[in-house]
Amino acid sequence: MAAAQQLDQARPRARPQTERRMKRRELWLALAFIVPGIALAVLFKLVPLIRGFHLSLLETQGFEEPSFAGLENYRTMLDDPVFIGSFRNAAVAFATLPIWVLLPLVLAVLIFQRSPGWKFFRATFFLPYMIAPIVVGIMFRQILAPDGPLNALLRAVGLAPLAIAWLNGPNSALLSLTAVALWSFFGLGVLTYLSGLATISEDIIEAARLDGAGFWSLLLRIVMPLLKPVIGYWTVLCTSGILIWMFPLIYALTKGGPGNATTLPEYLVFTTTFQFMNRGLGAAIGMALFVFVAIVSAFVVRRMYAEGKAS
Amino acid sequence: MNSSSSRKGGIGRHLAATAFSLLGAAALVAPLAPAAHAADVTTIKVLNWEPGGAEYWKQLVAAFEKANPDVKVELETVPFDRYPEVQGPYIATKSGPDVMENNAGLELYDRRSAYAELPADVLEAGKELITYSGGCLNFDTSKSCYGLPFGYQGNVMYYNKKVLAEAGLDPANPPKTWDEMDAACAKIKAIGKTCLALGLSGIFPAYWDFPEVARNYLTEDDMRAMLTGDMPWTDPKMINILKGLASITQKGWANASAPSITMLPDGADLFQSGNAAFAGTIISDAVNWAAFDKALGAENVGAMRWPTLVADAPLAGSFSGIESSVFGVSSWSDKKDAAFRFVKFMAGPENAELLTKVAGGISLYKNVDPSALPKSPALSQILEIIKKPTLHAGVILSGQEADALARGWQEVTLGQLSIEDWTARMQKALEQSPSKRKK
């Protein structure tokens, strides 16, 4: 009886102790999961970013000893028409984003609804993504030459006025570069959208069809609303693809020319840093690019997050 | 009994201990034997753009390793037009190859902190060469030297005799002046061929085209002033050079794709395919007489000086010559002894013979047997042309100037830039050049 009383008295004291122990264990477990991630992020993202910013404050022309230059590199950068031009080029390339987002979606839906030859196209569309961008660049330098196969084809089918020197004009060169990048990248989009489409119940599609929905109606009213998170994800990928993954294509296709017509900021960072050996100015341009991409991506990710929350 | 058993036990333990010791020793020695051998061999990494071609380099490395069995050479070969972008990160991080290649002149001087100064015994090897000043500061062998050359390099214009004949021109008398060239181009275009194969992307316009027009307006003193940043691009002589370059494309001599292609390989391919009459390239290493002889047939290939713009200019009839690329040892290398031996070998007689026989190059080594040279009409013409050398104006352009020159020429060709604006850009590039800017 006395023992039972003692046990009863002990119980309320034991529970908080156990809870505290469990909470502590949970805390340690949580830390064990979080700390490696944070450490990696700090080590490989934050530290290089801080080092990059520090470098952007140094004067490092050629092989001379670096010296502190304050914001001089940023002033030089903003005074340089090539820098301004590179961001203008990036903006033009970025304006093609809707095509990057919608084209693979349309193709994915066509494959998803088993259009004739869907198996062939599913494999074919993904093929360009498997070719190294540097090879794609070299390939298209030949294809887009004034006397290359594309113009030969255009002339053969009676479209001679369209057979222009694609890589010579400032606008045509930039658009050609963007189109080649899209050709190289869109297969991944088709695959991404197909994964998303696989999660949509066939009953919904079937019901829409029975209600008389055509292709565009199905795409705009059923598929797109249901695929909003996937579209958001793909949009972020395309944004970074356009702004910071074009380098190998520029390198192999145009080298930023003619003039600076296809020089995007990432290419300018590279030439400034490694060709002209001006690491400080290169870092400053890199920081500007980082801010630009961060703002654009933050906008897209925020939209994605809001859509996800709403759904 | 006890003692006996203990002795047996002792013998057994002794035997066991001996056996284990032997096994242990064997286990230790077995991997150590080849390791000890491997430790005697020093592997050096050589960054290069394979001047002279793959076969020449294969034989060069084999010959060096045979002469130096304790050194193994590992090549990192990068295409010429992408070389600065690969070398840049190595220099920026002070790590990577033990031996590096660079063009002689300003390109090397700009990077001199990445090179170890040549020691006296290596410099001795340089004295066996016709010249090695392009590896030394300001082309002066009394100053610090950072690399040794191995071949002679410079610009000539090649022509396809078959195309000239097809166009009704005399292959034995190719154009000598700008006006004659203009007239020849009109005839060549009339038969549907390109007159001058040209690529304006990358560093080729600076190295292969600029010096040939510059010789019409500059003296050697002017070129030295360029080297030290004392010749502004606003000087009328410099503006005339830009005008001369612009006239090549504005007169329609070149292929329409010129603004968006590189001379190597695209422009050279155009000439090698037989679709162009002329191509301005180099005498050694790549896209030279040997390559064109092979592609077009030696009987169809000719070599000449670029046509002159100003016939009585002091250097108009000269050859823009320079030691070809130089090889030096990286300042961060911890295998300097082996690396310097490679540099010395590059400049030596054995490599001179290989360069001539295998790569069809023109060696700088003084005592090469002329009978070792292959029979080629174009080579014979080149050997005459190089007898009157002058400084090479291309290798004294900074990276910034070379880049601005190519991009500006592209835009001028496409009618997007005036000569005045091109001049202003060149001047800005000069002011941003680390070795030339005035503080």
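Predicted model: local features only at pLDDT ≥ 70, side-chain atom pairs only at ≥ 80, totals over all residues.
Chain A has a radius of gyration of 27 Å, whereas a compact globule of 311 residues would come out near 19 Å.

What is chain A built from? Its secondary structure comes to 14 helices and two strands. Of its 311 residues, 32% are buried. And if we take the contacts in chain A with a separation of 6 or more, 71% of them are between residues 24 or more positions apart.

Now let's zoom in on some backbone details, staying with chain A. Please find the loop between helix H12, residues 247–253, and helix H13, residues 265–275; Pro258(A) lies there. The peptide bond joining Gly257(A) and Pro258(A) is cis, with omega at about 0°. Lys255(A) is found in that loop between H12 and H13 too. Lys255(A) is not a glycine, and yet its phi is positive, about 55°.

Is Lys255(A) buried or exposed? Lys255(A) counts as buried, because it has 24 C-beta neighbours inside 10 Å, and the cut-off for buried is 20 or more.

There is another positive phi to look at, in Arg114(A), where the value is near 55°, again in a residue other than glycine. To find Arg114(A), go to the loop of chain A between helix H4, residues 97–112, and helix H5, residues 118–126. Here the surroundings give another answer: Arg114(A) has 9 C-beta neighbours inside 10 Å, so it counts as exposed, the limit for that being 12 or fewer.

Let's move over to chain B. Here a cis peptide bond joins Leu264(B) and Pro265(B), with omega at about 15°. Where does Pro265(B) sit? Pro265(B) lies in helix H11 of chain B, which covers residues 263–272.

I'd like to finish with the strands of chain B. Strand E1, residues 42–48, and strand E2, residues 71–77, pair in the parallel sense over seven bridges.

Conventions:
Residues numbered from 1 in each chain as written. Chains lettered and ligands numbered in written order. Pairing = 2+ DSSP bridges. Helix = DSSP H or I, 4+ residues; strand = E, 2+ residues; numbered from the N terminus. Rg over C-alpha atoms; globule rule 2.2 N^0.38 Å. Contact = placed C-beta atoms within 7 Å.
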